[in-house]
Amino acid sequence: MQVEWWVSVIQAFVVINLVMATFAYLTLAERKVMARMQLRYGPNRAGPYGLLQPIADLLKLLHKESFVPTAAVDRLYLLGPFLAAFTALVTFSVIPYGPGWEVGGVYVPGVVADLDIALVLVFAIGSLGAYGFILGGWASDSKYALLGSMRTCAQLVSYEISLALSVIGVVLMAGTLSLTEIVAAQAGTWWFAAPQLVGLVVFLIAGTAETSRAPFDLPEAEQELVAGYHTEYGGMRFGLYSMSEYIHLISLSALCVTLFLGGWHGPGFDGPSWTGPIWFVAKLAVLLYLFIWMRTTLPRLRYDQLMRFGWKVLLPVAVLNAAVTGILVVWL
Amino acid sequence: MAGFLVWVIWFAAAAACLGTGVAVVSFANPFYSALSLIGNLASLAVLYLLLSAEFLAAAQVLVYAGSVMVMFLFVLAYLGGRADAPWAGGPPLLRTAAIVAAVALLVEIVVVLGLAWGDNLSDPAEVTGAFGSPAAIGELLVTDHLLAFEITSIVLLVAAVGGVVLGTTREKEATE
Amino acid sequence: MSGPGVGWYLIVAALLFGTGALGVMLRRSPLIVLLSLEIMLNAANLTLIAFARQHGSLDGQVFALVVMGVAAAEVAIGLGLIVAMARRRLPLDVDQASALRG
């Protein structure tokens with residue numbers, strides 16, 4: 001159906017703001033959940049149950065001095081965080097969160113941009129995200145930052161391959177690269193998590209490494225590299241990097257929900273059309289909880305263990321999954 | 001309105017493309033050259049989109065801008081951006097010869113284009129929405145162009161093996 | 001097709017190719033030569049895709065895809081060579097490294 005351009009603009013605006021709000025409260029949720037798992041309360045001073053904590057953090061970051069180190073390359077130094085945040089946010093333009101709706105005679109689609117090549121676009125823009133880190137590290141002109149950013153990018157590039165390969169099984173089964181059609185292929189039947197369980201596990205592990213979450217969060221390990229690529233960043237610019245990491249995590253979880261967990265469909269049945277986004281958010285919340293749980297529980301991997309695992313274990317498993325799925329799809 | 005918008009986007013993308021292209025060959029510091037090339041690849045992706053090649057645009061960003069240039073930047077960060085004087089290649093005679101050759105090439109191409117423009121390049125074929133879609137390209141890759149597909153995979157395998165071979169240092173060689 | 005005709009894209013591709021050729025011939029650092037080579041390959045890709053659009057045939061796009069793959073392989077090997085050169089403390093200068101030995 002033809003979508004008015006101003007509907008898309010309003011939708012994009014709403015989605016971006018919702019994602020930012022989710023990011024803010026994800027930081028709070030993470031701290032509270034981690035705290036409870038460690039038998040303590042999380043932040044509970046700022047507002048009831050700590051609900052105003054993200055706002056307090058934001059105000060703190062805004063008030064900090066925005067400096068540029070003398071030796072840094074100005075324009076690139078400033079471009080790094082923006083690139084990271086931009087590439088993290090763009091993924092949400094193709095994630096379907098509901099069937100379309102007719103609102104006052106205007107058709108509002110369930111996705112901001114319905115593309116034939118949505119999945120390739122997600123990976124393409126995701127691979128551009130590596131530049132945010134390279135630029136941040138290199139433009140800071142500091143050894144820790146450069147080393148940290150090189151390590152981060154090597155990790156990202158290695159696990160990107162397994163990430164892309166793990167979704168090939170889903171693409172083969174759905175027969176399309178369009179995310180709306182992949183969600184439609186899971187309507188009323190088993191979600192792709194069931195036949196593609198190996199793919200789901202590989203996707204989650206590779207996704208944890210892609211977003212530098214524990215146990216793959218060596219780039220953030222203060223004990224190792226001071227603070228990696230964002231050593232020389234302070235105040236709101238550091239806030240932008242932090243935001244881009246969390247939004248990357250949210251977008252990866254949203255992608256996982258879309259590809260493997262049935263998108264906005266309910267389990268086996270579909271309620272009225274406005275329940276679509278509710279199911280989507282519920283599944284997203286479960287996945288985010290899983291990521292927070294992993295962070296609290298698992299110890300960090302050393303860099304060489306990380307790289308060895310990515311290339312020698314995860315990549316062959318992903319390739320095997322793709323090959324076996326291909327054979328079965330053709331023969332069955 | 002739509003035609004005008006397409007022209008505006010085309011101008012912006014083409015200007016960015018040519019500008020970054022000149023920037024790549026002009027910068028002294030190779031790091032900036034590499035960054036300009038990334039801009040060049042992105043603007044080329046926009047041009048591909050205007051030519052109804054959406055899968056190729058995405059593949060361009062994914063493969064070229066996302067992976068090949070990351071490789072480049074890795075090597076550049078490793079080697080340090082040693083700047084060399086930009087237009088200092090070779091003795092002056094060689095330099096003028098190079099410029100003359102490039103200009104001659106350009107003039108030749110423009111002449112050919114001018115001759116062809118009137119007759120053959122005026123009506124592009126009518127294409128459906130499925131032109132340039134991954135399904136259509138995939139179908140061609142496994143039917144008409146299967147040999148090219150398979151040979152490309154072997155080329156990539158050879159390149160991967162070659163990369164590993166070039167990268168391993170033999171124990172006897174003292175390199176540091 | 002609304003907007004510029006195919007000829008305009010061909011001119012952009014020609015200019016890009018010329019720029020890349022100048023870069024290959026005039027720059028000394030092998031890294032920049034490799035970058036200029038990439039520009040030439042991309043100009044060829046643009047020409048292929050423009051003609052694919054002109055004739056309504058996807059063969060040009062498939063050709064461009066294969067060129068992309070081969071270019072990626074070539075960059076990998078080229079960079080490997082440059083890193084090997086740097087490791088052996090050879091000067092990174094294409095004019096001086098004109099004889100491949102050892």
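This is a predicted model: local features need pLDDT of at least 70, side-chain atom pairs count only at pLDDT 80 or more; totals for chains, interfaces and linings use all residues.

Biologist: Let's start with a tryptophan. Why is A:W264 called buried?

Modeller: Its relative accessibility is 15%, and buried means under 20%. Since 15% falls under that cut-off, A:W264 counts as buried.

Biologist: Where is A:W264 found?

Modeller: A:W264 is in the loop between α10 (235-260) and α11 (276-297) of chain A.

Biologist: And what is A:W264 in contact with, leaving aside its neighbours within four places in sequence?

Modeller: Its partners include A:P96, A:Y97, A:G98 and A:P99, and also A:W279 and A:F280. To be called a contact, heavy atoms must lie within 4.5 Å. A:P96 is 168 residues away from A:W264 along the chain, yet their C-alpha atoms are separated by 7.5 Å.

Biologist: Now the cysteines. What makes A:C153 and B:C17 buried?

Modeller: The cut-off is under 20%. A:C153 has 0% relative accessibility, so A:C153 counts as buried. B:C17 also has 0%, so B:C17 counts as buried too.

Biologist: How many disulfides are there over all chains?

Modeller: Zero, from a search of the whole structure. A disulfide needs a pair of cysteine sulfur atoms within 2.5 Å, so a count of zero means that the search found no such pair.

Biologist: On to the chains. Which pair of chains has the most contacts?

Modeller: Two pairs of chains touch, and the most contacts are between chains B and C. Chain C brings 70 residues and chain B brings 85 residues. No contact joins chain A and chain C, and their closest C-alpha atoms lie 14 Å apart.

Biologist: How much area do chain C and chain B bury between them?

Modeller: About 7000 Å², with 77% of it on carbon and sulfur atoms. The rule finds six residue pairs in polar contact across this interface, both residues being at pLDDT 80 or more. On the side of chain C that touches chain B, α1 (6-26), α2 (30-55) and α3 (59-87) of chain C each give two or more residues. Of these, α3(C) gives the most, with 21 residues. By class, that side has 44 nonpolar, 17 polar and nine charged residues.

Conventions:
Residues are numbered from 1 along each chain as its sequence is written. Chains are lettered from A and ligands numbered from 1 in the order in which they are written. Side-chain values use heavy atoms; hydrogens and water are left out. Buried area is the accessible area (1.4 Å probe) that two parts lose on being put together, summed over both. A polar contact is a pair of N or O atoms within 3.5 Å; within protein, one must be able to donate a hydrogen and the other to accept it, and residues adjacent in sequence count only if both atoms are side-chain atoms. Helices (H or I, at least four residues) and strands (E, at least two) are DSSP runs, numbered from the N terminus. Ala, Val, Leu, Ile, Met, Phe, Trp, Tyr, Cys and Pro count as nonpolar, Asp, Glu, Lys and Arg as charged, and the others, Gly among them, as polar. Buried means under 20% relative accessible area, exposed over 50%, partly exposed in between (1.4 Å probe, protein chains only).
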